[in-house]
Amino acid sequence: MDNFPVQHVMVAVDFSEMALPTALAAAQEARLHQAKLTVIHVFNPQMLNLQMPEEILPPTLDIREKLLHLAHAEMDKLHKAMDSEGMQAEMVLEESADNI
């Protein structure tokens with residue numbers, strides 16, 4: 001018996017082409033240990049503090065909301081892909097107030 005059994009596997013994703021293979025590998029590890037799996041993406045709006053001329057980026061364009069919507073859509077796609085592989089996970093999209 002393990003001295004420190006694995007109870008929870010957490011994997012961070014960035015929506016790159018490696019996100020699904022990485023999440024699936026984490027899911028296999030969680031299944032091996034009969035552990036809970038959490039897939040997380042941290043959305044950092046501080047990265048959107050771009051100083052651009054109004055002609056390029058109109059002030060009425062809410063980039064934060066659009067990117068957050070896209071992040072939710074990507075998490076949904078990832079969740080569906082994992083479900084189709086028979087892998088269950090808690091999907092977390094966290095918004096960071098800190099500049100990481």
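Guide: Start with one term: two strands count as paired if DSSP finds at least two bridges between them. This model is predicted, by the way.

Visitor: OK. How many bridges join β2 to β3?

Guide: Six bridges join them. The two strands run parallel.

Visitor: And β1 to β2, how many bridges there?

Guide: Five, and this pair is parallel too.

Visitor: What holds strands together in general?

Guide: Strands of a sheet pair through backbone hydrogen bonds, in a parallel or an antiparallel way.

Visitor: What order do the strands of the sheet take?

Guide: The order is β1-β2-β3, in an open sheet of three strands. The edge strands are β1 and β3, since each of them pairs on one side only. Neighbouring strands are turned by 25° against each other on average, with direction ignored.

Visitor: Let's zoom out. How do the elements run from the N terminus on?

Guide: The run is β-α-β-α-β. That comes to two helices and three strands.

Visitor: Where does α2 lie?

Guide: α2 lies across β2 and β3. The helix runs at about 165° to β3.

Visitor: Now the inside. What share of the residues counts as buried?

Guide: Of the 100 residues, 27%.

Visitor: Which residues touch the most other members in the largest nonpolar core?

Guide: Val9, Val13, Leu37, Val39 and Met82, out of 17 residues in that core. The elements giving two or more residues are β1, α1, β2 and α2.

Visitor: Which one gives the largest share?

Guide: α1, with six residues.

Visitor: Tell me about Val39. What does it touch?

Guide: Leaving out residues up to four places away in sequence, the list for Val39 includes Val11, Val13 and Ala23. Also among its contacts are Met75, Leu78 and Met82. Ala89, Glu90, Met91 and Val92 are on the list as well.

Visitor: And Thr38, buried or exposed?

Guide: Thr38 is buried, because its relative accessible area is 2% and the cut-off for buried is under 20%. Thr38 sits in strand β2.

Visitor: What does Thr38 touch?

Guide: His8, Val9, Met10, Val11, Glu90 and Val92, again skipping residues up to four places away in sequence.

Visitor: Switching to charges. Why would two side chains pair at all?

Guide: Side chains of opposite charge can pair when their charged atoms come close.

Visitor: How many salt bridges are there here?

Guide: Two. In one of them, the side chains of Lys36 and Glu90 meet, at 3.1 Å from N to O. That pair links distant parts of the chain: Lys36 is in strand β2, Glu90 is in strand β3, and they are 54 residues apart.

Visitor: How accessible is Lys36?

Guide: Lys36 is partly exposed, at 45% relative accessibility.

Visitor: Which residue forms a salt bridge with Glu74?

Guide: Lys77, with the closest N and O atoms 3.2 Å apart.

Visitor: Why are Glu74 and Lys77 separated by about one helical turn?

Guide: Because they are three residues apart in helix α2.

Visitor: Is Lys77 buried or exposed?

Guide: Lys77 counts as exposed, at 52% relative accessibility. Glu74 counts as partly exposed, at 28%.

Visitor: Last stop. Where is Gly86?

Guide: In the loop between α2 and β3. Gly86 is partly exposed, with a relative accessible area of 39%.

Visitor: How far is Gly86 from Leu24?

Guide: Their C-alpha atoms are separated by 9.8 Å, while the two residues are 62 apart along the chain.

Visitor: What about contacts across the whole protein? What share joins residues at least 24 apart?

Guide: 75%, among contacts between residues at least 6 apart in sequence.

Note on methods:
Residues numbered from 1 in each chain as written. Predicted model: local features only at pLDDT ≥ 70, side-chain atom pairs only at ≥ 80, totals over all residues. Heavy atoms only, no water. Helix = DSSP H or I, 4+ residues; strand = E, 2+ residues; numbered from the N terminus. Buried < 20%, exposed > 50% of the residue type's maximum accessible area, 1.4 Å probe, protein only. Contact = heavy atoms within 4.5 Å. Core = buried A, V, L, I, M, F, W, Y, C linked by side-chain atoms within 4.5 Å. Axes fitted to C-alpha atoms, helices over the stretch in contact; angles between N-to-C directions. Salt bridge = Lys/Arg side-chain N within 4 Å of Asp/Glu carboxyl O.
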